[in-house]
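Subject: A structure for you to look at

Hi there,

Here is the structure I promised to pass on. Have a look at it first, and then read on for what I found.

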Amino acid sequence: MSEATGIFGALRRLLSPRLESCLVCGRSARLGASLPLLCESCAARVPRIARPRCPICGRAHGCPDCLRPEAALRAFVMNRSAVVYDAVMRAWIAEYKYGARERFAEPFSILLEQTYRRMQLELSKPFAESGPFAFPRSVFDSSRRSSAWSADWITWVPVSAERLEERGFNQAELLGRRLAGRLRLPAGELLARSVHTGKQSFKTRAQRLQNLDGAFCLAPNLDPRFFKQWDSIGSGKDPRGSFPIRILLIDDIYTTGTTAAVCASVLKTLEIGFGRPVLVYSLTLARS
Ligand SMILES: [Zn+2]
Ligand SMILES: [Zn+2]
């Protein structure tokens, strides 16, 4: 019997702190004090966005994008991102997406949850009305009894069948489902890719815009739970019937906001079927 499996090994494991190898650096350390699966020195490298400077896109620094006139027409209310897309995050997200290291979804979904909680504070009435940013009044639905903002449904940016085949998973869906589990919110697919659009990272802004127009559509088999959700809130006598439907759209990286804007405009077509406004909020892991 080896020491590790014997009674001494068991005793030692009980008495000493459990050391595991860090998901990023591989060093043996006590993990998870700040973020699951990460040692403290790796967790300290995460460039969190504690206070977004741009109220629209959540960027951590000055933002020329949202000053463009066409930005005002974007179909989503706002974007918030958990971290800055710096060299560290670029490497981690690449490992997660292309290296098929799905375990990164654990620390990433915690970062998203923390950012969602801050969005809630930002959008909940007492703070939002006196806070640093002025949001259009339509964002706050005064008809709701509770003043706390929350999403009604979580969905994600879909990937093409080719990408899904290549990577084996949709990185945004995994994050969205994890987040929904943590927040106990309903989640499901609402969007699909209509054409294969190629890799975004090799394109200019104009090419992206042109390329993404028509790239997304409503998912052919919309999750029946999504419909039930609004049925149960009820039409007719129930005054809540006029509530907007607040959809939280999840993606890994926010670059120009084009993907979020195109997805949001497709989601807004649900307004026709439901006869009530649809508000789309984008929540992304990293903001470039
Ligand atoms: Zn580490
Ligand atoms: Zn901005």
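To start with a question: which residues does Ile250 touch, not counting residues up to four places away in sequence? They are Leu112, Ile154, Thr155, Trp156, Val157, Ala172, Leu175, Gly176, Leu179 and Leu283. Please keep in mind that this is a predicted model.

Ile250 belongs to the largest nonpolar core, which has 51 residues. Together with Trp92, Phe108, Ile154, Leu248 and Tyr281, Ile250 touches the most other members. Among the elements that each supply at least two residues are helix H2 (40-43), helix H4 (105-123) and strand E7 (245-254). H4 gives the largest share, eight residues. Because domain 1 (16-45) and domain 2 (48-287) both contribute residues, this core lies between them. There is also a second, separate core of 31 residues, including Cys63, Leu212, Ala219 and Ile247.

Next, the zinc ion (ligand 1). Its protein donors are the SG atoms of Cys22, Cys25, Cys39 and Cys42, at 2.3 to 2.4 Å. In sequence these donor residues follow the spacing C-x2-C-x13-C-x2-C. The arrangement is tetrahedral because the four donor atoms subtend angles of 105 to 115 degrees around the zinc ion. Cys22 counts as buried, at 3% relative accessibility, whereas Cys25, at 30%, counts as partly exposed.

A word on confidence: the protein has a mean pLDDT of 84, with 78% of its residues reaching 70 or more. Over residues 234-238 pLDDT stays under 50, and the model has three contacts beyond four places in sequence for them.

Enjoy exploring!

Best wishes

Conventions
Residues are numbered from 1 along each chain as its sequence is written. Chains are lettered from A and ligands numbered from 1 in the order in which they are written. This is a predicted model: local features need pLDDT of at least 70, side-chain atom pairs count only at pLDDT 80 or more; totals for chains, interfaces and linings use all residues. Side-chain values use heavy atoms; hydrogens and water are left out. Donors are N, O and S atoms within 2.8 Å of the metal (3.2 Å for Na, K and Ca); water is not among the atoms, so sites may look incomplete. Four donors count as tetrahedral if all angles lie between 85 and 135 degrees; four count as square planar and six as octahedral if opposite donors are over 155 degrees apart and all others between 65 and 115; anything else is irregular. Buried means under 20% relative accessible area, exposed over 50%, partly exposed in between (1.4 Å probe, protein chains only). pLDDT is the predictor's confidence in each residue, from 0 to 100. Contact means heavy atoms within 4.5 Å. A nonpolar core is a set of buried Ala, Val, Leu, Ile, Met, Phe, Trp, Tyr and Cys residues joined through side-chain atoms within 4.5 Å. Helices (H or I, at least four residues) and strands (E, at least two) are DSSP runs, numbered from the N terminus. Domain bounds come from an automatic or database domain assignment.
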